[in-house]
Amino acid sequence: MEHKAGFVNIVGNPNVGKSTLMNALVGERLSIITSKAQTTRHRILGVVNGDDFQIVLSDTPGIMKPAYKLQESMMEFVKNAFEDADCILYMVELGEKELKNEDFEKRLTFAEVPIIVLINKIDKGDETQLAEAMKHWKERLPNAEIFAISALENFGVPQLLDRIIEMLPESPAYYPKDALTDKPERFFVNESIREKILIHYKKEIPYSVEIDTEEFFEDETIIRIRSVIMVERETQKGIIIGHKGTAIKRVGVEARKDLEKFFGKQVHLELYVKVNKNWRSDEKQLKRFGYKGENK
């Protein structure tokens, strides 16, 4: 039987719904979903398998103009996504007209692989707005196909999946058929904790945080995890912990519940907070946390 497989990479401005679409297609919560921008920092692969196809999806950070070294590394993941794709999903939200980086717009215009423009969040507007958006993006990217979807409501997503499968080249599977992602367990522990911090803390705090899971021990009935929340300043450490430890306790309880669903067994999670000054601008630290030298 003919088998298709390929790399389908999702790109777009921050907070347009890339992670929501990724999770909808894969059927698991692999990527952080919050109302805050710049929540995805890494390039996260999710694998969608069928008897005669395998889609290797890639969720990427939102396109932006980098302000510090961490964001420069995040934009490298996006550049890599253009280079190894069999199909690119360029996602915009209804009413959006511009890409926040001219270089990436040129890459889309002159791409040698199929481009699908996804107009997302169509449930937020009306038919007139949608017609205007489809006309705008067809003029802007004439070589692209246009799909109107609501990733959150799963509207148009099954049809998109069918079209992606049609576009895939003939190929054997790249990953085992039971694979869900290329990331290790500790990565999802880190992301679950970081998601709760994004939800519960304001201003710069969530963007100054990195998680390092130092211990991950699994036996038949329980997983024991020890993770460190890295912050850049002493004042941030106090905010993360909160009065009498209430804030960090809330993060731990919510992350543990999500991890128990994800892993399907009991989880014991210990959280600590450490100051790691200016880690976002430190090449050595960025490499340690996987922002430099990741597989393309």
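Here are some questions and answers about the structure above, which is a predicted model.

Local features are taken where pLDDT is at least 70 and side-chain atom pairs only at pLDDT 80 or more, while totals for chains, interfaces and linings use all residues. Residues are numbered from 1 along each chain as its sequence is written, and side-chain values use heavy atoms, with hydrogens and water left out.

Q: How many helices and strands are there in the protein chain?
A: Let's start with the bookkeeping. Helices (H or I, at least four residues) and strands (E, at least two) are DSSP runs, numbered from the N terminus. On that basis the protein chain holds nine helices and nine strands.

Q: What percentage of the residues in the protein chain is buried?
A: Buried means under 20% relative accessible area, exposed over 50%, and partly exposed in between, with a 1.4 Å probe and protein chains only. Of the 296 residues in the protein chain, the buried share is 53%.

Q: In what order do the six strands of the open sheet lie?
A: Strands of a sheet pair through backbone hydrogen bonds, either parallel or antiparallel. Two strands count as paired if DSSP finds at least two bridges between them. In this open sheet the pairing is mixed, and the six strands run in the order 2-3-1-4-5-6. The edge strands, each pairing on one side only, are strand 2 and strand 6 (145-148).

Q: Which residue is the bridge partner of Val11 in strand 4?
A: Strand 1 and strand 4 pair in the parallel sense, over five bridges. For Val11, the bridge partner in strand 4 is Tyr90.

Q: At about what angle to strand 5 does helix 4 run?
A: Axes are lines fitted to C-alpha atoms, for helices over the stretch in contact, and angles run from 0 to 180 degrees between N-to-C directions. Helix 4 lies across strand 4, strand 5 and strand 6. Its angle to strand 5 is about 155°.

Q: Why is helix 1 described as largely enclosed by the rest of the structure?
A: The buried residues of helix 1 include Leu21, Met22 and Leu25. They pack against strand 1 (4-12), strand 2 (44-50), strand 3 (53-59), strand 4 (87-93), strand 5 (115-120) and helix 5 (157-167). Helix 1 (residues 18-26) is largely enclosed because the buried residues number eight of the nine.

Q: How far apart are the axes of helix 7 and helix 8?
A: Contact means heavy atoms within 4.5 Å. Ile239, Ile240 and Ile241 in helix 7 meet Thr246, Ala247 and Ile248 in helix 8. The two helices pack at an angle of about 65°, and the distance between their axes is 5 Å.

Q: How many salt bridges does a search of the whole structure find?
A: A salt bridge is a side-chain nitrogen of Lys or Arg within 4 Å of a carboxyl oxygen of Asp or Glu. Glu145, Arg163 and Glu166 are linked in a network of such bridges. For the whole structure, the search gives 12.

Q: What N to O distance is found in the salt bridge of Lys135 and Glu139?
A: Lys135 and Glu139 are four residues apart in helix 4 (residues 127-140), so about one helical turn separates them. Lys135 is exposed, at 53% relative accessible area, and Glu139 is exposed too, at 54%. Their side chains meet with an N to O distance of 2.9 Å.

Q: With which residue does Glu218 form a salt bridge?
A: Glu218 is partly exposed, with a relative accessible area of 46%. The closest N and O atoms of the bridge are 3.1 Å apart. Glu218 lies in strand 7 (residues 210-218) and its partner in the loop between helix 8 (246-263) and strand 9 (266-275), so the pair ties together parts 47 residues apart in sequence. That partner is Lys265.

Q: Are Glu232 and Arg280 buried or exposed?
A: Glu232 and Arg280 form a salt bridge, with the closest N and O atoms 3.1 Å apart. The pair links distant parts of the chain, 48 residues apart. Both Glu232 and Arg280 are buried.
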